[in-house]
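I am opening a new notebook page to record, step by step, what I looked up and what I read off. The structure goes in first, and my entries follow below.

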Amino acid sequence: MLLPAAAQAAAPSLPLAAQVNAQIVQRQVNEGVAAMAGASGAGLMPGDLPAACEPGMRSAVAGMSNELVRFMQGTFNDPAYQRTFEQQLAQAYSPDQLQAFLDRSAAGDLTTLSTEVMSAPGLQATQDAHLARLTEQADQAMEADPRLQKALVDVRAAQDRCDAVRMEAEES
């Protein structure tokens, strides 16, 4: 079976497109997810934690942040979506352009480089549509993830222990 003309033209670029996607686009997204999860975890840490429960709370929040990163990155990095995105990259850029992005990725500012890669027509719209679908399905998917649910239970349990320590301190 012959490939459609656009796919045939993009075929030599596919391996480079996969590298650009992994080393620039996905890396930028994954770093953003990790930063967001870290900020979310910090927001779960009350400023007035009793010293007795601080280590347990920090451990629970760190576990929750790790599970959130795992879940979000695993969801975004869906292989079917990534292959489609890589085909678009291969159609948007020549092999020389893709190689130039890779050459710059070792020493360059990842945010700027990712923005440049995503500036090709249709790429940002494709990623935005993927993120919108994930956002629509996030609550249901999060509820179905046992590791994430366990991490949430651990945070709630740590919060309950801290509340008990606070109440004990107020009573004495």
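Before I list any neighbours, I note that contact means heavy atoms within 4.5 Å. I also note that the model is predicted.

**Entry 1: Val33**

I looked up Val33 and found that this residue lies in helix α2, which covers residues 14-43. Not counting residues up to four places away in sequence, Val33 touches Val69, Met72 and Gln73.

**Entry 2: Asn21**

I stayed in helix α2, where Asn21 is found as well. The relative accessibility of Asn21 is 1%, so Asn21 counts as buried. What does Asn21 touch, once residues up to four places away in sequence are not counted? I wrote down Gln26, Arg27, Gln82, Phe85, Glu86 and Leu89. For Phe85 I also noted the spacing: Asn21 and Phe85 are 64 residues apart along the chain, while their C-alpha atoms are separated by 8.1 Å.

**Entry 3: Thr126**

Next I turned to Thr126, which is found in helix α7, residues 123-143. Leaving aside neighbours within four places in sequence, Thr126 is in contact with Tyr81, Phe85 and Gln88.

**Entry 4: Glu67**

I found Glu67 in helix α3, which runs over residues 54-76. Is this residue buried or exposed? At 15% relative accessibility, Glu67 counts as buried. When I left aside its neighbours within four places in sequence, the contacts of Glu67 were Arg147, Leu148 and Ala151.

**Entry 5: helices α5 and α6**

I then looked at a pair of helices, remembering that two packed helices are described by the angle between their axes and the distance between the axes. The axes of α5 (residues 95-105) and α6 (residues 110-118) come within 10 Å and cross at roughly 170°. Angles over 145 degrees count as roughly antiparallel, and α5 and α6 are therefore roughly antiparallel to each other. Which residues meet here? On the α5 side I listed Phe101, Arg104 and Ser105, and on the α6 side Leu113, Glu116 and Val117. The residues of this contact divide into 3 nonpolar, 1 polar and 2 charged.

**Entry 6: the whole chain**

Finally I stepped back to the chain, whose secondary structure comes to 8 helices and 0 strands, so that I read the pattern along the sequence as α-α-α-α-α-α-α-α. The chain has a radius of gyration of 22 Å, whereas a compact globule of 172 residues would have one near 16 Å. Its C-alpha atoms fill a box of roughly 80 × 35 × 20 Å, taken along the principal axes. Of the 172 residues, 33% count as buried. The chain exposes about 9,900 Å², and carbon and sulfur atoms supply 57% of that area. Among contacts between residues at least 6 apart in sequence, 82% join residues at least 24 apart.

Terms used:
Residues are numbered from 1 along each chain as its sequence is written. This is a predicted model: local features need pLDDT of at least 70, side-chain atom pairs count only at pLDDT 80 or more; totals for chains, interfaces and linings use all residues. Side-chain values use heavy atoms; hydrogens and water are left out. Axes are lines fitted to C-alpha atoms, for helices over the stretch in contact, and angles run from 0 to 180 degrees between N-to-C directions. Helices (H or I, at least four residues) and strands (E, at least two) are DSSP runs, numbered from the N terminus. Angles under 35 degrees count as roughly parallel, over 145 as roughly antiparallel, 65 to 115 as roughly perpendicular and the rest as oblique. Ala, Val, Leu, Ile, Met, Phe, Trp, Tyr, Cys and Pro count as nonpolar, Asp, Glu, Lys and Arg as charged, and the others, Gly among them, as polar. The radius of gyration is taken over C-alpha atoms; the globule rule is 2.2 Å times the number of residues to the power 0.38. Buried means under 20% relative accessible area, exposed over 50%, partly exposed in between (1.4 Å probe, protein chains only). Accessible areas come from the Shrake-Rupley method with a 1.4 Å probe; for residues, only the protein chains shown count as cover.
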